[in-house]
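Please look through the structure shown here, a predicted model. The paragraphs that follow take the backbone, then the pockets and the ligand.

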Amino acid sequence: MLETTSLPSIPTALCERLRVARHVTVLTGAGISAESGIPTFRDPRTGLWAKYDFADLATRAGFKRNPQLVWDWTTELHATMVRAEPNPAHRALVAMENALPAFTLLTQNVDNLHQRAGSRNMWELHGNITRYKCFEEDLPVDTWPATDERPPRCTRCGGHIRHDIVWFGELLSTTVLAAAEQALQTCDVFFAIGTSFEVHPASTFARRASQHGAIIVIISLDITNYAAPDLYRFNAPAGCMLPALVQATWPEAAV
Ligand code: OAD
């Protein structure tokens with residue numbers, strides 16, 4: 001049985017809206033994986049960008065300056081992400097997907113935890129740290145010969161290999177952006193979970209969905225001044241709040 005006593009109360013009206021929803025779109029950010037032990041980016045104490053300089057570690061210019069530094073740092077982050085396990089919030093989104101006629105998950109996370117939890121209709125806005133590509137050609141790379149060189153080199157062109165994640169200043173996939181836009185225009189409920197609304201274009205998604213008539217649900221630990229006509233916000237950990245919300249809405253759901 002879930003312990004819900006310290007959570008914000010769940011309005012019955014929201015559960016009713018969810019039960020009749022035809023399409024729910026969910027945007028997730030680093031906060032949904034925090035309870036899996038993966039640091040967020042902007043927590044003032046433990047956030048990655050509080051401790052490290054993103055310009056050195058997450059830009060093309062940084063990689064050109066010092067590819068080994070970027071490779072080693074990202075490889076360590078990859079190891080943290082591979083060791084982590086999906087948490088109850090990731091699993092609650094799978095239960096939500098199973099309960100709804102249509103469901104789209106847009107994630108800014110590169111940690112692969114939604115996939116490992118079993119989410120299906122999912123789009124990765126910022127790539128996936130478990131995949132690799134050639135820095136020069138921007139084409140996928142699956143394997144490379146054993147080498148001590150860091151980063152290893154692409155067998156096609158000899159360029160450096162990098163993790164397949166989106167760095168600051170890089171463009172997002174047009175296919176993913178088109179899918180996101182479609183999902184924002186057609187959803188009747190939009191969730192933003194564990195994101196600070198700091199990074200474009202995901203920062204605009206709630207507003208886009210709201211313009212198309214969706215009700216907005218925000219789950220995070222921040223008190224932001226985001227306002228929308230039809231807004232529910234829960235300042236609570238996603239790993240407790242989401243399972244409670246799914247269970248309150250669909251009591252028969254396996255959460
Ligand atoms: P941030 O670190 O900016 O924000 C994390 C959000 O999660 C904050 O609003 C926290 O309050 C919230 N949070 C933390 N723990 C939580 C929990 N247990 N339950 C619910 N919410 C929680 O992360 P993002 O918004 O994902 O981009 O950052 C966006 C992008 O900035 C990332 O995808 C990354 C980064 O630079 C790239 O790498 C391209």
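Pro201 is found in the loop between strand 7 (189-193) and helix 10 (205-211). The peptide bond that joins His200 to Pro201 is cis, with omega about 5°. A cis peptide bond also joins Arg150 and Pro151, where omega is about -5°. Pro151 sits in the loop between strand 5 (140-141) and strand 6. Most peptide bonds are trans.

Another backbone feature concerns phi. Most residues other than glycine have a negative phi. Asp138, which is not a glycine, has a positive phi of about 60°. Asp138 belongs to the loop between strand 4 and strand 5.

Which residues lie nearest the centre of the second largest pocket? They are Lys133, Asp138, Asp164, Val166 and Ser173, out of 19 residues that line this pocket. Strand 4 (127-134) and strand 6 (161-165) are the elements that each give two or more residues to the lining of the second largest pocket. By class, that lining holds 8 nonpolar, 3 polar and 8 charged residues. The volume of the second largest pocket is about 360 Å³.

Now turn to the largest pocket, which has about 960 Å³ of space. Its lining is made up of 44 residues, and those closest to the centre are Ala30, Thr40, Phe41, Arg42 and Ser196. Two or more lining residues come from each of helix 2 (31-34), helix 6 (67-83) and strand 8 (215-220). Helix 6 gives the most to the lining of the largest pocket, with 3 residues. Sorted by class, the lining of the largest pocket has 25 nonpolar, 12 polar and 7 charged residues.

What takes up the space of the largest pocket? The ligand does. There are 23 residues around the ligand, and the nearest are Phe41, Arg42, Thr195, Ser196 and Asp222. The shell around the ligand divides into 11 nonpolar, 9 polar and 3 charged residues.

For Ser196, an N or O atom of the side chain is 2.5 Å from an oxygen atom of the ligand. For Ala30, a backbone N or O atom lies 2.8 Å from a ligand oxygen atom. For Gly194, a backbone N or O atom is 3.1 Å from a ligand oxygen atom. Taken alone, the ligand exposes 800 Å², and the protein buries 92% of that.

To go over the picture again, the ligand takes the space of the largest pocket, with Ala30, Gly194 and Ser196 each placing an N or O atom by a ligand oxygen atom. The second largest pocket has Asp138 among the residues nearest its centre, and Asp138 has the positive phi described above.

Methods: Residues are numbered from 1 along each chain as its sequence is written. This is a predicted model: local features need pLDDT of at least 70, side-chain atom pairs count only at pLDDT 80 or more; totals for chains, interfaces and linings use all residues. Side-chain values use heavy atoms; hydrogens and water are left out. On a 1 Å grid over the protein atoms alone, a cavity is a set of points where a 1.4 Å probe fits but cannot get out, and a pocket is an open set with protein on both sides within 12 Å along at least five of seven lines; lining residues have an atom within 4 Å of a point. Grid points are joined across faces, edges and corners, and a volume is the space filled by probe spheres set on the points. Helices (H or I, at least four residues) and strands (E, at least two) are DSSP runs, numbered from the N terminus. Ala, Val, Leu, Ile, Met, Phe, Trp, Tyr, Cys and Pro count as nonpolar, Asp, Glu, Lys and Arg as charged, and the others, Gly among them, as polar. A residue is near a molecule or strand if one of its heavy atoms lies within 4 Å of it. A polar contact is a pair of N or O atoms within 3.5 Å; within protein, one must be able to donate a hydrogen and the other to accept it, and residues adjacent in sequence count only if both atoms are side-chain atoms. Accessible areas come from the Shrake-Rupley method with a 1.4 Å probe; for residues, only the protein chains shown count as cover. A molecule sits in a cavity or pocket if more than half of its atoms lie within 2 Å of its grid points.
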